[in-house]
Amino acid sequence: MTSKHFKILILGFGTVGQGFYELFSKKRDSLGLSNVSVSEIVDMKYGHITNPKQGIIKELEGGKTFPQKDVLTAIRESDADIVCEFTWLNLKTAEPAYSHVKTALELGKHVITTNKGPSALKYNELIGLAKKKNVKFLMKGTVMAGTPSFNLLDLLPGAEVISVRGIMNGTTNYILTSMEQGKNFSVALKEAQNLGYAEADPTNDVDGFDTASKITIISHILGWKHEFKDIKIEGIRNVTPEQAREKTKLIAYADKTTAYVKPIKLDRDDILSGVSGVTNAIEINTDTMGKVYSMGPGAGRIQTAQAALTDLVTVVK
Ligand code: HSE
């Protein structure tokens with residue numbers, strides 16, 4: 001770690017923002033990050049908090065309202081070195097997260113995000129901007145939360161990826177597993193929502209858009225030219241209980257020329273067929289190692305916070 005002091009501005013202090021703040025506070029010393037601090041938090045509900053004190057989460061007062069139009073001003077006026085973007089998902093325009101990320105990068109600030117909007121829809125522009133400004137734009141939390149996924153490749157220098165295949169949406173895998181066990185679709189969806197896995201708009205999960213955003217992000221990182229709008233997407237609405245019992249899973253797949261999301265009946269000896277409940281898994285097929293797998297939580301408060309913490313260590317090391 002360098003001895004430079006890094007200040008963090010957190011945008012969005014909901015589940016992920018609070019989870020990150022809590023995890024960072026807890027792990028800061030053991031990670032040797034005494035040179036890193038959260039200097040500002042901006043949230044529509046909690047307002048603009050500067051130099052938050054330990055225990056801020058318990059003392060939060062809602063109802064403060066921070067106008068969206070002032071968020072960009074707050075970024076511009078901030079002296080933070082790192083912006084952690086944890087606002088809501090918009091897979092149509094990526095806003096407002098896109099403007100937050102762009103503004104921060106233009107100012108030469110590192111950006112860490114768990115938001116799939118800017119990462120899937122505006123990757124090339126934003127990564128280009130980050131390179132130009134010599135800062136990092138990191139998004140581990142967008143794919144499988146803190147469970148290693150595309151970042152596994154950092155451990156395999158030189159390995160060429162031939163294809164990627166996976167179960168990257170906890171909500172749909174939970175629903176399919178529940179259907180396999182005899183529950184009906186809407187009860188299972190309700191349970192996934194109660195567990196906090198489903199997106200605010202569960203259509204993103206059920207109809208495959210969330211999974212498609214993840215395979216798009218992986219494709220961008222690998223330098224493949226698949227855009228979100230070009231991914232062939234089929235969700236799980238038409239999967240029957242019988243098909244669920246026959247190990248039909250919502251599979252995301254990409255290689256250099258093809259990318260799709262669709263329910264596929266898996267062979268019983270396919271490792272992915274044994275992935276159940278909200279668990280995610282990825283298979284990365286490489287020229288040097290053949291198939292490499294990672295499996296674990298793909299969502300959750302602390303699990304997503306772990307991803308942002310992983311990115312933070314990459315920025316400050
Ligand atoms: N709604 C997503 C899921 C959350 O169910 O996997 C994580 O991206």
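User: How many Å separate an oxygen atom of the ligand from an N or O atom in the side chain of Lys214?

Analyst: This is a predicted model, and the distance is a computed one. To read a polar contact, look for a pair of N or O atoms within 3.5 Å. In the case of Lys214, an N or O atom of the side chain is 2.8 Å from an oxygen atom of the ligand. The ligand on its own exposes 260 Å², and 92% of that is buried by the protein.

User: Which residues surround the ligand?

Analyst: The surrounding residues include Lys116, Asn169, Tyr197, Glu199, Asp205 and Asp210, as well as Gly170, Thr171 and Lys214. By class, the shell has three nonpolar, four polar and five charged residues. Helix H7 (170-180) gives at least two residues to this shell, and so does helix H10 (209-222).

User: How should I read the second largest pocket, and what lines it?

Analyst: Start with the space, then the lining. The space in this pocket is about 710 Å³. Its lining has 32 residues, and those nearest the centre are Leu138, Phe150, Asn151, Asp154 and Ile221. Among the elements that give two or more residues are helix H6 (123-133), strand E7 (161-167) and H10. The most comes from H12, with six residues. The lining divides into 19 nonpolar, five polar and eight charged residues.

User: Which domains supply at least three residues each to that lining?

Analyst: Domain 1 (6-146 + 301-316) and domain 2 (150-297) each do so.

User: What should I look for in the backbone angles?

Analyst: Most residues other than glycine have a negative phi, and most peptide bonds are trans. Exceptions to either pattern can be looked up one by one.

User: Where does Asn51 lie, and is its phi positive or negative?

Analyst: Asn51 has a positive phi, near 45 degrees. Asn51 sits in the loop between strand E3 (47-50) and helix H2 (56-59).

User: Is the peptide bond from Glu95 to Pro96 cis or trans?

Analyst: That bond is cis, with omega near 0 degrees. Pro96 belongs to the loop between strand E4 (82-85) and helix H4 (97-106).

Methods
Residues are numbered from 1 along each chain as its sequence is written. This is a predicted model: local features need pLDDT of at least 70, side-chain atom pairs count only at pLDDT 80 or more; totals for chains, interfaces and linings use all residues. Side-chain values use heavy atoms; hydrogens and water are left out. A residue is near a molecule or strand if one of its heavy atoms lies within 4 Å of it. A polar contact is a pair of N or O atoms within 3.5 Å; within protein, one must be able to donate a hydrogen and the other to accept it, and residues adjacent in sequence count only if both atoms are side-chain atoms. Accessible areas come from the Shrake-Rupley method with a 1.4 Å probe; for residues, only the protein chains shown count as cover. Helices (H or I, at least four residues) and strands (E, at least two) are DSSP runs, numbered from the N terminus. Ala, Val, Leu, Ile, Met, Phe, Trp, Tyr, Cys and Pro count as nonpolar, Asp, Glu, Lys and Arg as charged, and the others, Gly among them, as polar. On a 1 Å grid over the protein atoms alone, a cavity is a set of points where a 1.4 Å probe fits but cannot get out, and a pocket is an open set with protein on both sides within 12 Å along at least five of seven lines; lining residues have an atom within 4 Å of a point. Grid points are joined across faces, edges and corners, and a volume is the space filled by probe spheres set on the points. Domain bounds come from an automatic or database domain assignment.
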